[in-house]
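Welcome to my notebook. I open the structure first and then jot down what I look up.

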Amino acid sequence: MSLTIKKGSNVVVKNDVTLGENVVIGNNVVIYEGTKIGNNVIIQDNAVIGKQPTRAKASILPEGKKLSPAEIGSGVTIGTSAIVYANAKIADDVFVADLATVRERVTIGEKTIVGRGVAIENDCNIGRNCKLETNCYITAYSELGDYVFIAPYVVTTNDNYMARSKERYGKFKGVTIKNGGRVGANSTILPGKTIFEDGTVAAGSIVSKDVEKESLVIGSPAKELRKVPENQLLRNQ
């Protein structure tokens with residue numbers, strides 16, 4: 001362990017954890033076996049890093065094997081009471097705010113911001129320089145590109161059968177949001193839908209079909225209102 005680590009009270013660091021230089025660990029933090037943490041990382045009070053997932057008795061998911069450890073890059077901040085599961089990979093300079101949850105087999109690219117209370121479910125890939133704002137929900141098996149913006153209380157979904165009938169097994173499909181896609185507050189994205197590059201969803205919309213490249217959609221169901229203005233396109237920023 002580095003001599004520059006600063007630890008609070010009641011910190012639990014399990015076996016084979018790797019800690020870089022200048023790591024600051026708050027009170028009551030738990031870091032599970034084998035977790036790898038880079039340099040200049042801040043882990044605030046009550047955070048849990050590298051937790052193995054648990055399975056509900058009624059879950060349709062198969063009993064899983066023990067997952068490989070979590071990996072936290074350099075310059076990362078993990079907020080108070082945030083949970084990062086095993087086999088999550090968080091790249092450099094990511095900010096994970098208070099009460100956020102990052103599930104197993106999730107990857108998060110450099111400089112992305114995961115806001116307060118955000119939930120990123122299992123098997124998601126999140127790109128670089130994204131902003132996921134307070135209390136949005138990223139459903140399992142979703143793919144977000146780079147520079148994606150998700151406003152507060154956005155909900156994404158992956159189950160067209162809404163937990164009824166065995167027909168749904170094997171048909172779960174998250175959402176795909178390409179580079180520069182943006183989703184306004186309180187919008188809902190239905191399973192398997194794609195928001196293409198610079199596609200934009202107005203606040204309160206329900207996306208029931210794909211959003212075309214550089215298109216602004218609005219309403220329930222969401223329909224194209226117009227094209228995204230040139231000065232708002234990612235290439236012009």
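**Entry 1: a pair of strands**

Which residue in β30 is the bridge partner of Thr200? I looked it up, and the partner is Leu216. Strands here are DSSP runs of E with at least two residues, numbered from the N terminus.

Before going on, I note that this is a predicted model, in which local features need pLDDT of at least 70 and side-chain atom pairs count only at pLDDT 80 or more, while totals for chains, interfaces and linings use all residues. Residues are numbered from 1 along each chain as its sequence is written, and side-chain values use heavy atoms, with hydrogens and water left out.

Back to the strands: β28 (residues 200-201) and β30 run parallel and are joined by 2 bridges. Two strands count as paired if DSSP finds at least two bridges between them. I also followed β30 to β31, where 4 bridges join the two and the strands run antiparallel. Ser215 stands opposite Lys227 in β31. The hairpin of β30 and β31 has 4 residues between the strands, and Gly219 takes a positive phi near 110° in this hairpin.

**Entry 2: the open sheet**

Next I traced an open sheet of 9 strands, in the order β3-β6-β9-β12-β15-β18-β21-β24-β27, with parallel pairing. Its edge strands are β3 (18-19) and β27 (194-195), each of which pairs on one side only.

**Entry 3: salt bridges**

How many salt bridges does a search of the whole structure find? The search gives 9, a salt bridge being a side-chain nitrogen of Lys or Arg within 4 Å of a carboxyl oxygen of Asp or Glu.

I started with Arg128 and Asp146, whose closest N and O atoms are 2.9 Å apart. Arg128 lies in the loop between β18 (125-126) and β19 (131-132) and Asp146 in the loop between β21 (143-144) and β22 (149-150), so this pair ties together parts that are 18 residues apart in sequence. For accessibility I use relative accessible area: buried is under 20%, exposed is over 50%, and partly exposed is in between (1.4 Å probe, protein chains only). Arg128 is partly exposed at 35%, whereas Asp146 is buried at 18%.

Then I turned to Glu214 and Arg235, a salt bridge with its closest N and O atoms 2.7 Å apart. This pair links distant parts of the chain, 21 residues apart: Glu214 is in the loop between β29 (206-207) and β30 (215-218), and Arg235 is in the segment after β31 (223-227). Is Glu214 buried or exposed? Glu214 counts as buried, at 17% relative accessibility, while Arg235 is exposed at 53%.

I also noted Glu133 with Lys131, at 3.4 Å between the closest N and O atoms. Lys131 is partly exposed, with 38% relative accessibility. Finally, Arg103, Glu104 and Glu121 are linked in a network of salt bridges.

**Entry 4: two loop residues**

I looked up Asn40 in the loop between β6 (36-37) and β7 (42-43). Asn40 is partly exposed, at 45% relative accessibility. Leaving out residues up to four places away in sequence, Asn40 touches Glu21, Asn22, Gly75 and Val76, where contact means heavy atoms within 4.5 Å. The side chains of Asn40 and Asn22 are joined by a polar contact of 3.2 Å.

Ser142 sits in the loop between β20 (137-138) and β21. Ser142 is buried, at 0% relative accessibility. A polar atom of the Ser142 side chain lies 2.9 Å from the backbone oxygen of Thr139. Beyond four places away in sequence, Ser142 touches Asp123, Cys124, Asn125, Gly174 and Val175.

**Entry 5: the core**

What residues have the most contacts inside the largest nonpolar core? They are Ile78, Ile120, Leu132 and Ile150, in a core of 51 residues. A nonpolar core is a set of buried Ala, Val, Leu, Ile, Met, Phe, Trp, Tyr and Cys residues joined through side-chain atoms within 4.5 Å. I checked Leu132, and among the residues it touches, not counting those up to four places away in sequence, are Ile113, Val118, Ile126 and Leu144.

Conventions
A polar contact is a pair of N or O atoms within 3.5 Å; within protein, one must be able to donate a hydrogen and the other to accept it, and residues adjacent in sequence count only if both atoms are side-chain atoms.
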